[in-house]
Amino acid sequence: MGGTARGHSFLAWATSRRDTLASIGLNVAAGVLTTLGLLATTGVLHQLFAAGPTPDRIRAALPALVLAAAAVTVRGALTIAAGWAQARLIPQINYAVELRLFETTSAVELAAFDDAGFAEEMVRARDRGLAEAGSIVNDTVNLVTGVVGVAATAAAVTVIHPLLLLPCLLVAAAPEAVTAVRMARRQHFDWLARITRRRRKFMLGDLMADRHTAAEIRAYQMREFLLAEYHRMVSLETRAELRLARSQTATRAVGLSATGVAAFGLYAVLGGLLLNGVVALAAAATALLALQSARAGLRTAVFATNSLYEDALYYQDYRDFLDRARHRVPAGGTRPVDGFDRIDLDRVSLHYPDTEAAAVDEVSLSVRRGEVIALVGENGSGKTTLAKLIAGLYRPTAGVIRWDGVDTAELDPRQTAAQVAVMSQDWWRFPFTARQNIRIGRHDRPADRPGPEVEDAARDAAAHDMITELPFGYDTLLDWQFKDGQDLSGGQWQRLVAARGLYRDARLLICDEPSAALDARAEHALFQHLRRHPDRAVVLITHRLANVRHADRIFVMDHGRLIQQGDHDELMAQEGLYRELFELQAAGYLAQAGEAAAES
Ligand SMILES: Nc1ncnc2c1ncn2[C@@H]1O[C@H](COP(=O)(O)OP(=O)(O)OP(=O)(O)O)[C@@H](O)[C@H]1O
């Protein structure tokens, strides 16, 4: 926890030195005025309890009274100023903490997202870690305020009567502090133990309240099934929460009893000292005031320590996540890249985490500039994984990928990625306008770099007409959740994804099922533009084998292994999976063509 609090104060310091200094400094200054105020009050009481006529005593007490009033006023002003500095600091810190998280999550390697442990840590960091950053600052300032308050009072008391109250204060504070820390620890560990179940509960809740799942849930009448599953989670959760509440209540009861006994003892000691004449009446009265002020300070400090302890435990999750995530940011090399003549895969394998079999198993192949190659195989045979390896989205768990003979690990990763465009099979409906949805394919294209215009890319992907028919054309927001937002059909989205890929205008174009949702006309239009181009290599994955007939080379995958390669004619001349799959598809068309001929 010490490390965390230190780490965080660095963050506050780095975020805004002025506001951090002001938050702490003004609170300390307010504490000094508390001491002054108490000393002035003792002065007032001494004069009032002295012998002599009342008007004289009041007159004598006046200067101290003015001093006490001034101390209270200035202290109030300082506290308000400290509050202002704190209010400025918190949003800055929250922003810095969020930014750090998203800078890291968006930089980690893709493989990290396949790791369930990493995904869970990320949820934890977002779920609680972020929210705690602001509270840590608040609680730290409160702790400083509380401690300064107690120290200020203790200083005043020491001046008035050395060694009288300090031990008493400590005795009064101990039970509260111990109870608070115990409760915070238990709360945290209980939360950790329940996190997987809570994630599942949220996920079920999302399924039942999401627009994208609504149709399927109704079509399969999944409602009762989901509700029963949700109910099961909720009952387990409720039971766990009740168990926690029971033990927390017991701890609090013990803590409060101990605090009561300590307070009683404290007053008894003070009474005894007064009766025995060890303390004067004025000093005893100030002591009571001081005790009250000290206890308020103590309560603030204990409460802040408790919250700080709890915040720190959650915030530590955030920091641990950042540390671990930073190790998953691909380091990459420094060799500059500007295109390639050939990419060679040498016995490349990829194992997903927690899986037995390799998704890609010792595959060797090459992709040359100016070629169109195709990856073919049944579902789950490893085509998408292999394409992601070629695209550099995954690093091989064994084997080497070389660009013009250089291991990709040595190449500058940003420059390498700039050479690649991926039309992915599982694309996302980005909530931007149609134009932005295409432009994000190369949003940072410098003005002097040639490339297709947004509308040309859309035309090539058969998306232009559909976009111009939208209510605001290219400026239509493609998110139905916002006013004037629109949604598109699956095929329309896929045209947009294709347009984005073409707009990116990269040397290596990877098309994973680019036409799965397209109608025949759009598919035809797209494939016109995926033909050979001297400056570009295309890696095509498709189950519609008619589209791979013209590929320069076809690679056939089965259970992660490369089992056949060659062009269409070579592969058709062999017994094997390719011919089998091709003939199965062709038979469907031929049968239909035959039936049509018979009918006419
Ligand atoms: N993120 C992942 N984590 C774990 N296993 C995965 C992951 N993605 C794919 N797999 C597994 O890896 C294997 C290869 O999957 P891949 O998606 O590469 O196949 P594919 O040939 O593209 O299939 P399809 O034709 O259905 O698109 C499959 O057994 C799949 O279950």
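Helices (H or I, at least four residues) and strands (E, at least two) are DSSP runs, numbered from the N terminus. The structure is a predicted model, in which local features need pLDDT of at least 70 and side-chain atom pairs count only at pLDDT 80 or more, while totals for chains, interfaces and linings use all residues. Residues are numbered from 1 along each chain as its sequence is written.

The protein contains 17 helices and 10 strands. Its C-alpha trace spans about 130 × 55 × 50 Å along the principal axes. The radius of gyration, taken over C-alpha atoms, is set against a globule rule of 2.2 Å times the number of residues to the power 0.38. The protein has 36 Å, whereas a compact globule of 600 residues would have a value near 25 Å. A residue is called buried if 20 or more other C-beta atoms, placed from the backbone, lie within 10 Å of its own; such residues make up 33% of the 600. Two residues are in contact if their C-beta atoms, placed from the backbone, lie within 7 Å. Of the contacts with a separation of 6 or more, 78% join residues 24 or more positions apart.

UniProt, in an unreviewed entry, lists residues 21–40, 60–85 and 249–267 under "transmembrane region". UniProt positions are given in the numbering used here, feature names are shortened, and annotations may be inferred rather than shown by experiment. Residues 21–40 are 100% helix and 0% strand, with end C-alpha atoms 28 Å apart. Residues 249–267 are also 100% helix and 0% strand, and their end C-alpha atoms are 27 Å apart.

The unreviewed entry in UniProt also places "domain: ABC transporter" at residues 343–584. That span is 29% helix and 24% strand, and its end C-alpha atoms lie 32 Å apart.

Next comes an open sheet of 4 strands, in the order β2-β1-β4-β5 with antiparallel pairing. Its edge strands, β2 (360–368) and β5 (406–407), each pair on one side only. Two strands count as paired if DSSP finds at least two bridges between them; β1 (residues 342–350) and β2 are joined by 6 bridges in the antiparallel sense. Arg342 stands opposite Arg368 in β2.

The ligand is surrounded by 13 residues, the closest being Tyr352, Ala359, Asn379, Thr384 and Thr385. By class, the shell holds 2 nonpolar, 9 polar and 2 charged residues. Here Ala, Val, Leu, Ile, Met, Phe, Trp, Tyr, Cys and Pro count as nonpolar, Asp, Glu, Lys and Arg as charged, and the others, Gly among them, as polar.

Notes
A residue is buried if 20 or more other C-beta atoms lie within 10 Å of its own, exposed if 12 or fewer, and partly exposed in between; C-beta atoms are placed from the backbone. A residue is near a molecule or strand if its C-beta atom, placed from the backbone, lies within 6 Å of it.
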